[in-house]
Each structure stands twice: as structure tokens, then as C-alpha cells.
Amino acid sequence: MDKRKKGILLSLSIPAFLLIFIFMIVPLGNALRVSFFKWNGFSQNMRFIGLENYLSLFSDKVFWRSTANTFVYGFGSTLLQNIFGLSAALFVNKQFKGRNFVRLILYMPIMISGVIMGAIQYYIFSYDNGVLNNFLNLFGIEDIYWMKSGVGSVLIITLINSWQAMGFCMLIYLAGLQNIPKMYQEAARLDGASKWQAFFKVDIPLLMPAITTAVITNLIGGFKLYDIIVTLTNGGPNRKSLSLSYYISLLYFNDEKAGYSSAVGIALFVIIFIVAVPINRYLRSKEVEF
Amino acid sequence: MKKKWARTTAVFCLAVSSLMLSACGSGTSAETTAAAADTEASSGSEAAEESSEGEASGTTDFSGREIEIATYLTGDTLAAYKEVIAGFESETGVKVTLDEYGEDYENTMKIRMASNDLPDVFETHGWSLIRYKEYLTDLSGEEWADDLNDAALGVIQDTDGKIYTLMTTGSCLGTAVNMDVCEAAGVDPWAIETWDDFNEACDKIKAAGYTPIANYFTSAGALANADGSWLSYEGAVYNDNEAILNGTWDWADFKTILDYLQTWFDNGYLYEDCGTIGQTDAIERCARNECAFIVGIGTSYQTAVVALNPDVTMAMIPICASQEGGARFCGIGEGASFGIWKDTEEMDVCKAFLNYVAENADGINAAAGEISTLPSETTKSYGMQMMEEMESHYPDVFYDNLWDRKYMPAGMWSIFEVAAGMFCEDQSEESKQEIIEYLRENYQDLYAAAQEEG
């Protein structure tokens, strides 16, 4: 590539770099700076306290609980979304009447905003007059307080998030499946491979680029989960279903601890980085070219 | 290698985006302060020039001038406020840009305070002294300031006698009562004086098949709003006012409150899901005649209940006394309240706007269903009617500023919210000690911060 062409290509990437610098690098630097201060988030006075905010992380039970929840939201949702998504993709990849309608129905939940989805689910899982409990009442089952404990709330949030984002996974896998030339499947079947063997030995390896994209996107989406929690449980009961993203927001705006909130933000950044980079690297190493 | 680097960079960028949440709106810097100082200096002279032009013409014609107003009001109250704004625009020629922030109001205002870029006029919703004072104009010299009643002054006046907000309505906080449920259970709510009486009434209501108390522990109010009953007022179990205010208070006394609230749980007075519901749920349940009381809530609650079901009869009684002879009280807080940014370039227009609001606040008052604070408000709102009814039964009711606003340092409200959740989950002795320790630590921290801020 000659120098002129290189220069043109480089200049074309300037807007993207500029946007990343303004909306990612600058806030990151600012968050890092604020994390060394004691600040309520709106006063013109800030007090430098060094590493105190970071040291407080170690004794903050809510931080550790939210970290554990964040891992459940991240890994749990990724696992379920990929299982549901791949199953759905395999199903709608077949020829049958009404296939497009089924695809649309399966994809629809992702088109609803997380805030609205959480609000809808609140009325389904509510203890008092919730749709699910009313339904169970028909069979003589007493009301169940689904979100009484933190564990129950976290599981419900994970399930809803997985179901909602399943359509996105399905789309990625559908594109991946349609890109696999049929001859590989046919060759495998001619060689005597069963349906399952052909799927695991031929389709899955060839789907690795789609798996990498789906896993990394779902993982980061799960780690950053925020909107469903706000309207479904509001982080409760007793802040036990918080994700780190929501905890950061509560600390900053509600608790007026902007410095500490920034320290938690930096911790979340480090967690996502540490988890996502090796997984991404591992999955890429499994990709095959065809 | 390059490809790997590109992938790593992509993951890095995705991870960075997680920080956007905590990093936004944190632009406090020497530059912004300096810029604000510059703005102040220039705006002062500009405003003076503009003001003299206005005076020279002898009219209130501010044609061509523009102000920005931010509001958290919604529904009928917002509609009433918009009418007032439209009237002001047509009378003066001012163009008003109204930012309707709704539920995002507080967060947005915090971001705007951090960047020292506030709307010319904004609502102070109970925080004119504790949170917004640093950014507000002293309005004690305004004409309408002399018209504000004592209930309003008790809430918005600082120790130097300055006021920073035009309070057109006050929020009166007491115990909301569903009279229909009480009647069905054979309870006379007007006979309730102490917490013991209250529990007796709750027993009867529970026996009649209703839920006695609809308080929800997702709100700080469940733990904070009634505290004056035990700690601060005449005849209370403790008289800790001075110690609370000077930072020497021993939080061990708070256990009395937790011990009492435990009776609500032990006796089954509360909803099973009181740890996850909110005000909307409580309003809906009360409108369905399922529950009798909610302690420490403003009259807008009853207004909302009646709006949902006009057949329900609601009333308000004061918050109980902790013992015989103690003060039965109601908290008074800022309702619809409007302040002016101290660095506004349109000071004269903003002051004219507040004068206009003060003269035309009746519609806002009627829609808000709260209590009047200005002589221009002639409509007897629903809240005012309830307050009068309450006073006819309890002529000696004691009014004070909201307990947390008067006695707690800024930032304690959210601490009480967390503590309420902790208490709802576990009312054991260990949990109580943990809650008290949590409150103590944060109180000391925030008290010290408040002292530093001056």
C-alpha cells in the first residue's frame, strides 16, 4: 500500500478516534481523577483523599454483592442467551410454513427497551395481584413472593434479560448458519456422521466467529445490565439485586458519593477488561477458516 | 499481531463505555469556576443596563429576552404552571424555555450544578437550604417575601434570615388515613394520640381483615419521617435536638425507634412485600380500600388516592406522640418552590417572573393539593381541607420542618433509605446494632463534610 493510500485510510479513521477520545477516553480520565476525591457530585468543593475510595471497596459488602450479581448477570445471561439463541436459530433455519412470523416473534422482545421490559415484568412477578400469581391462584396455589430474596430477584432478572436478548443471539447464529456451505454437512453425512456428530464436529467449529461475537457482546451486555433492574426490582430487596452499573449510578446520584462511585466504575472497567480480553482471545483461537 | 491489537482495542473501548455512567457530569474545575466568575461580572453589568432600560420605559416589557426554567412538576400541577408561564410570556414578551425533567429532575440538576450551568429559574423541592443554597440568589428583599406565612418561613429561611426560594405551596406530612377502612373496622382515628393507641387501632384493623399500615421500606421515609416523635419534640422520650444539631449525638437512642417499628413487623401490620413496593403500589392498594394508614406522608398521597377512586374517604391525622403528653406533630416541607440561579444573566426578568408566579399561584396550589403559603392563593386545595379537618380534631398539633431537613446533615436521606431496607430484611438485635452503626458512621462523615462546606 503506498503512502498516499495509507494517509487517506488513516484520515478516514480520525472521526472514529475523535469520538472514542471525547466520549470514552476523556470520561475515563475524568472518572479516574474524581476517584481520588471525596465529592458529593455537585458541589464546587472537592477534597483529595488519595486511595481512600479504593480501600473502601474492600470493606463494602454491597460492592462485593453487586460484583457477584454482575458475574451472574454476565455469565448466566451469556450462557442462557447462547443456548436459547442457537436453538432458536437452528429451528428457524429450517423450511416451514410461517417461518418468518416465528422469527419475528422470537426477535420481538429485543425491540422493547429494557426499562419498559422491566416495568412489564414487574406486573407479572408482583406479589400482590401479579399476573403470574393470579394465574397460579387458578390452580389453588397460594401467592408466591418471587422477589422476596436477593437470590430470587437476581435469578428472575437473569432469566428476563436472557429471554429478551435471545433474539439478538438468534440473528447472529442464523447469519452464521446460513454462511456455512451445505457441502460440509453433506460430506460429513456421506462419511457416516450422525446428525449430532455433524452438528458438533462441523457446524459448531464453523460457527466460531458467530459464537465469539455473540459471547463477547452478551457478556459485556450482561456486565453492564442496568435498565431492567431499575424498573423491575430497583436494586432491591435491600440492594441485593444491584449490578455494579446500577450501584455506580446509585452511589453517584442517590448517595451523593461521586468519588467513591468513580472508584467502583474503575473497578468495573478493570473487571470487564480482565474477563473479556482472555475470553475473546480464547474464542478467536478456536476459529477456523473455510 | 496488528489484528490482535485491533481486537484488544475494541474490547478496551467496550469496557471503557461502562465508565461513562460514573464519569458524566463531573466537570468541577478551576476553569468552570473562573468562567462562572467572569459570567457573574459581565452579567452583573449587562443586567444592570437592561434593568435600567426596563425602568426607563416604566413598563415590564422584556421583549426579546429569554429565560430557561427547569421543572420536576408533572400532570395537573405542570399544566397549571404552564398556564402561569404562558401568562407571563404574553404580559412581558419574554420567551421562556421550559425544561420538563420529570423523574430525572434531581439527577439532571446535580449534573448541572457540577458544571455550574444552571437554568435561570428552577424548583428547589425541599432542598433550597441544604442542597441548592450555594447556587441560589437571596430573595429575602422581594415584595412577596413579606407575604409568606410562618409555615413557609419556618422551612425556607436560614439562620441569617435569608430566603432563597419562592414557596407557593407547602407539603404537609402526617399520617394518611383511609376513613372507610377505619369505619369498617370500628376504629376512630381521631382518638389516636400515642403510638400505643395507634397499635391498638392497628390490631382492630387487622382483626377486621385489612392491612393496617401501608408503609414501604424502599423509602427512607419509613425510618426517618417520624423520628421527631421520639427524639426532638416536646414530651418526646428523648430530647436530643441540641446534640443532633451539634454533631455530638449518641445514636444509641435510635434503637427506641427500631424497637417500636419492630412491633409493626411482629404484629403483622405491614404488607408482606413492604420491602419491594413503592408509593404507587401503596396508593393503588389504598384506593382499593385494602389498607388503613401510612405514617409520615404528604397530602399529595391522599390526593392521588382520591384521584384513583373518588369514592374513598381520606383524612390526615398528626404523627403520634411517643408517650402521653408528647407533641403530636406534622412536618412541613417545601412544595412547589422556585429559586433563581445566582449567576443568571437575566436576574431582573427572573425576579419579575417570580413576582408574577407569586401573584398567580392559585392554580398551582389547587392542582398540587398541598397547603397555601401566599395570600394570593384563595382556592382551598384538597390538602388544605384535610389540614383544617385535622386541626378541628387536634387543635394543639405541632408543626415543624421535615425532621431530616432540620436535624440531619445533607446526604442522610439516602443513608436512611439503605437502613430502611436493612431493617425490613432483618429486625434482629444484631441487625439493629448494625443499622445504628451504619447510621452513626455516615452521620459523622456527612456532618464533618457539612462543617467543612460551611
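**Contacts and packing**

Modeller: A note first: this is a predicted model. In chain B, among contacts with a separation of 6 or more, 76% come from residues 24 or more positions apart.

Colleague: What share of the residues of chain B count as buried?

Modeller: Chain B has 20 helices and 12 strands. A residue is buried if 20 or more other C-beta atoms lie within 10 Å of its own. Of the 454 residues of chain B, the buried share is 49%.

Colleague: Are α4(A) and α8(A) parallel, antiparallel, perpendicular or oblique to each other?

Modeller: Take helix α4 (residues 61–92) and helix α8 (residues 150–179), both of chain A. Their axes come within 6 Å and cross at roughly 40°. Angles under 35 degrees would count as roughly parallel, and 65 to 115 as roughly perpendicular. The two helices, α4(A) and α8(A), are therefore oblique.

Colleague: How many charged residues are in the contact of α4(A) with α8(A)?

Modeller: α4(A) passes α8(A) in a right-handed crossing. Their contact has 17 nonpolar and 9 polar residues. The charged count is none: no charged residues.

Colleague: How is α13(A) oriented relative to α14(A)?

Modeller: Helix α13 (residues 244–254) of chain A packs on helix α14 (residues 258–285) of chain A at about 165°, with the axes 8 Å apart. Angles over 145 degrees count as roughly antiparallel. So α13(A) and α14(A) are roughly antiparallel.

Colleague: Which hand is the crossing of α13(A) and α14(A), left or right?

Modeller: The contact includes A:Leu244 and A:Tyr247 of α13(A), and A:Val264 and A:Leu268 of α14(A). Its residues divide into 9 nonpolar, 3 polar and no charged. α13(A) passes α14(A) in a crossing that is left-handed.

Note on methods:
Residues numbered from 1 in each chain as written. Chains lettered and ligands numbered in written order. Predicted model: local features only at pLDDT ≥ 70, side-chain atom pairs only at ≥ 80, totals over all residues. Axes fitted to C-alpha atoms, helices over the stretch in contact; angles between N-to-C directions. Helix = DSSP H or I, 4+ residues; strand = E, 2+ residues; numbered from the N terminus. Left-handed = near helix turned anticlockwise from the far one by under 90°. Nonpolar A, V, L, I, M, F, W, Y, C, P; charged D, E, K, R; others polar. Buried ≥ 20, exposed ≤ 12 C-beta atoms within 10 Å, placed from the backbone. Contact = placed C-beta atoms within 7 Å.
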